[in-house]
Amino acid sequence: MSLDKKTVAKRYAKALFALANTDDQLEQTYQELVALRTVFKQNAGLQRALSGTNLSQSQKEDLVNELKKDSSQLVSNLIQMVFDYGRMDEMVAIIDEFETQYDQAHKRVHADVVSAVQLDENRRTKLSNALAQRLGANDVDLNLTVDPEIIGGLIVKVGSQTLDGSLKTKLDQMRRLLMN
Amino acid sequence: MSIKTEEISSLIKKQLANYQDSISVEETGTVTYVGDGVARADGLENAMAGELLEFDNGVYGMAQNLEANNVGIVVLGDYTGIREGDTVKRTGRIMEVPVGDALLGRVVDPLGRPIDGLGDIKTDKSRPIERKAPDVMERKSVSEPLQTGIKVIDALVPIGRGQRELIIGDRKTGKTSIAIDTIINQKDQDMICIYVAIGQKESTVRSAVETLRRYGALDYTIVVSASASNPAPLLYIAPYAGAAMGEEFMYNGKDVLIIYDDLSKQADAYRELSLILRRPPGREAYPGDIFYTHSRLLERAARLSDDLGGGSMTALPIIQTQAGDVSAYIPTNVISITDGQIFLDSDSFYAGQRPAIDAGTSVSRVGGDAQVKAMKKVSGTLRLDIASYNELASFAQFGSDLDAATQAKLARGERTVEVLKQGLHQPQPVEQQVVTLYALGHGYLDSLPVDDILRFESELAAYMRANHQDLYDQIKSTGKLPEGDDLDKAISTFKDTFETSDQKKQASADDEADATEEAEN
């Protein structure tokens, strides 16, 4: 049975994290990987091109070299290895996994916040402080989106936990209570 | 009395000050795959095995496979409304169904929701569908009979309360009819019946419900239906849901009869589910734990000890065989789990012997202790008689001259087989069965033509009810045959008045002859 994306990504990320940690290059590696992920995200076809058969081997190698150009030894080794093993498809997943491990080590959490209206600076700090306290984290990275559909309140998603204080959910609950 | 505005407002103020709008905190996951009644979700790291999960659109699911990266969920309902990327919530509850008296007379689905259009079921009690069976010290041995009202079963394969007796046979051999007749016979016996229909046609379930209603049996019956149009997960949980409903009554000291119709379909549904969940297939592609699915279900049938109220749950699982093959995987499994089996034979069914019970292969391992004494007495040699008759009958087909003893044996055998025939939905009380079998065993039927046996039987019953109800009552209350020769006298008095069809024909011919003679004169 072939391994699924997540299992593969976990293994690569774990190894990379351990290596970066012993070499004291954690911060740098992380920054580079985030940049690399941005490249992949901005060029939607890149991942597919590297793992597919549309390009010849030499064309792919050119692309990989381009990616490796400005990166540190560790990251360039990673790119080369992932490419050699034909795991380019899992690159973004590996970076995501690495980020999870990095976050864990630094007690940092990512929170997806959905609000009905744009949050101003004051509220954002308040929210991130409140979340940091609640989750016992040092740093909260907010990813804000606006969705008028939820009418009011906030929905905060942290990992597999959802804190739902939106008006829409409450109305739904009320409706269900009345219907049954 | 005046309303004290001040007081009320201050109270409200106080409450308002303490009122805190609570936000819901939930553990969620994301659906990564959905199809064939099964979904997979990322996240849900703390989900428990068998936990109830809720999808965005209100459909429930049950966590089945807890794997390193995801959770395999069986969807209990319509899975077409679920999309990739939807969220799944933990509910923290293990699957439960509503239980209690309010369910009696109702038709519900495996989640306990009514499907008979008779409105809500008002009960605040519920039970988890999976529960460990009562253990050794919580049980008592089976000692009380459960009368099915079917002569051949009550005489040859008696069933006790708390027993698990398998009904097995090919399609269209009357398995369901035996089950339904048994339910009908429980009228006024203080017995709760649960009929779990698994993977059957909606029309079949409907007609079963109608039959029960017609015979007034629905009042003490719960019908749990997971029909063929329901997805496999519902078929899989249906028997457990039924068992949970039965347990509620059993632990309250009542006697329960539960019928699983049929477990081969449940096994098929579980196989489907397991294959889609990518569990490794075993023999006949059934998953490795198929034995456990049935054994843990049937083990929940029990006779509870007196400390626990002495209630009981009798299970009659049904298994369908293919071309009489009882050595297939599921039949052998369930045969080994149950305390005996009633084997239905399609050949004898088409030969007109109904119920088509094969007396040779049907056994009851514990019911004998529970059998009524009188019945035990009159049915003692029945099995042997039938066996030796079958042997002789095939031998006698060669048409050679037979000695008187053999002929007598053949005649008796023929009448035995005839007596054991019984119409559909005509269960008989045990005292009537005893008298019939007594008449057979004491040779009252030997001189009658075989065609008249069933008529003799029903007329004898009518005669007994009219003239010797005391004998019936005596058998019923003491469970023993009446002392002295009262019973013999009653039967022989009746027999003297009984006209065989030949005599009748003769009589009417004579009448006609007389009439013509008179006319001629």
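1. Of the 521 residues that make up chain B, 44% count as buried, a residue being called buried if 20 or more other C-beta atoms lie within 10 Å of its own, exposed if 12 or fewer do, and partly exposed in between, with C-beta atoms placed from the backbone. This is a predicted model, in which local features need pLDDT of at least 70 and side-chain atom pairs count only at pLDDT 80 or more, while totals for chains, interfaces and linings use all residues. Residues are numbered from 1 along each chain as its sequence is written, and chains are lettered from A, with ligands numbered from 1, in the order in which they are written.

2. The C-alpha trace of chain B spans about 110 × 75 × 55 Å along its principal axes. Chain B has 17 helices and 18 strands; these are DSSP runs numbered from the N terminus, helices being H or I of at least four residues and strands E of at least two. Among the contacts in chain B with a separation of 6 or more, 72% are accounted for by residues 24 or more positions apart, where two residues are in contact if their C-beta atoms, placed from the backbone, lie within 7 Å.

3. Is F456(B) buried or exposed? F456(B) is buried, because 22 other C-beta atoms lie within 10 Å. Apart from its neighbours within four places in sequence, F456(B) is in contact with L445(B), L448(B) and F498(B). G441(B), 15 residues from F456(B) along the chain, has its C-alpha atom 15 Å from that of F456(B).

4. Chain A is divided into domain 1 (5–104) and domain 2 (109–179), with bounds that come from an automatic or database domain assignment. The C-alpha centres of these two domains of chain A lie 32 Å apart.

5. The contact between the chains takes 10 residues from chain A and 12 residues from chain B. On the side of chain A that touches chain B, α1 (5–22) and β4 (161–164) each supply at least two residues, and the largest share, 4 residues, comes from β4(A). By class, this side of chain A has 1 nonpolar, 6 polar and 3 charged residues, with Ala, Val, Leu, Ile, Met, Phe, Trp, Tyr, Cys and Pro counted as nonpolar, Asp, Glu, Lys and Arg as charged, and the others, Gly among them, as polar.

6. β4(A) and strand β1 of chain B (residues 24–35) run antiparallel and are joined by 4 bridges. Within this arrangement, T162(A) stands opposite E26(B) in β1(B).

Conventions: Two strands pair if DSSP finds at least two bridges between them.
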